[in-house]
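Morning, everyone. Please bring up the model.

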Amino acid sequence: ATREPCQFSMAAQERPARYALSVYSPEPDRVACIIRDVTEMFLIEQELRLNEARFAALYRLSHMDDAPEEEVARFSLHQAVHLTGSTVGYLLLRRPDDDKARTLIYWSHEGMDDEDAPPPPPGRLLPKPGEAPIRRAEIFNHPVTDFPHPADGHAVARHMLAPVIEDDRIVCLAAVAEKEGEYESTDLRQLELFINGMWYQL
């Protein structure tokens, strides 16, 4: 037995609760355990890290004036996926000055190389005949069958959408998906921030 405490950290099944455990032996054949709720400290540290990452990404985005359109689009999508805790993202661009409505599709997914042929766009992102077009950013914390995962085609458990609208026309549509927990309004703001920043940079 030892009187030196052993320190542990533990995550509750219902996120984002966090606990710190200190276990020690005050005397032979005796064990004491102290549990502290450190959730508030954990959330503050997490928010600080997120703010630092967001500032660094926005700073880089603001200095990409001479970067090719594809580089700006991919960087913005990767950052939107990362900063929202997602694992997959999708970006559709339509240039309003293109008579042929040229559509560019980008994917961001762990394990997918840029050289890989991109999967077809999720049906949920493109309005079906008779459907009203998407007009605002939305959160979907439930499975959607017509938004298949690019890796194996299973329906993603949750996702978010954010459009950029010019002259009453969608010129950019982005989605991120497969966050471990539910998406929140702060995640949606991150997605809107980067997609709008990207569009103004193009």
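First question: is Lys179 buried or exposed? Keep in mind that this is a predicted model. Lys179 is buried. Its relative accessible area is 17%, and the cut-off for buried is under 20%. So Lys179 falls within that class.

Now, where does Lys179 sit? It lies in a loop. Strand S8, residues 169-177, is on one side of that loop, and helix H3, residues 185-201, is on the other.

What does Lys179 touch? Leave aside its neighbours within four places in sequence. Then Lys179 is in contact with Thr84, Gly85, Ser86, Arg158 and Asp187. Take Asp187 from that list. The side chains of Lys179 and Asp187 are joined by a polar contact of 2.6 Å.

Next, the strands. Start with S7, residues 159-166. Six of its eight residues are buried, so S7 is largely enclosed by the rest of the structure.

Which strands does S7 pair with? One is S6, residues 138-140. S6 and S7 run antiparallel, joined by three bridges. Within that pairing, Glu138 has Leu161 in S7 as its bridge partner.

The other is S8. Eight bridges join S7 to S8, and these strands also run antiparallel. His159 stands opposite Ala177 in S8.

How many residues lie between S7 and S8 in their hairpin? Two. Asp167 is in that turn, and Asp167 has a positive phi of about 55°.

S8 forms a hairpin with S7, and S7 is largely enclosed.

Note on methods:
Residues numbered from 1 in each chain as written. Predicted model: local features only at pLDDT ≥ 70, side-chain atom pairs only at ≥ 80, totals over all residues. Heavy atoms only, no water. Helix = DSSP H or I, 4+ residues; strand = E, 2+ residues; numbered from the N terminus. Buried < 20%, exposed > 50% of the residue type's maximum accessible area, 1.4 Å probe, protein only. Polar contact = N/O pair within 3.5 Å; in protein donor to acceptor, adjacent residues only side chain to side chain. Contact = heavy atoms within 4.5 Å. Pairing = 2+ DSSP bridges.
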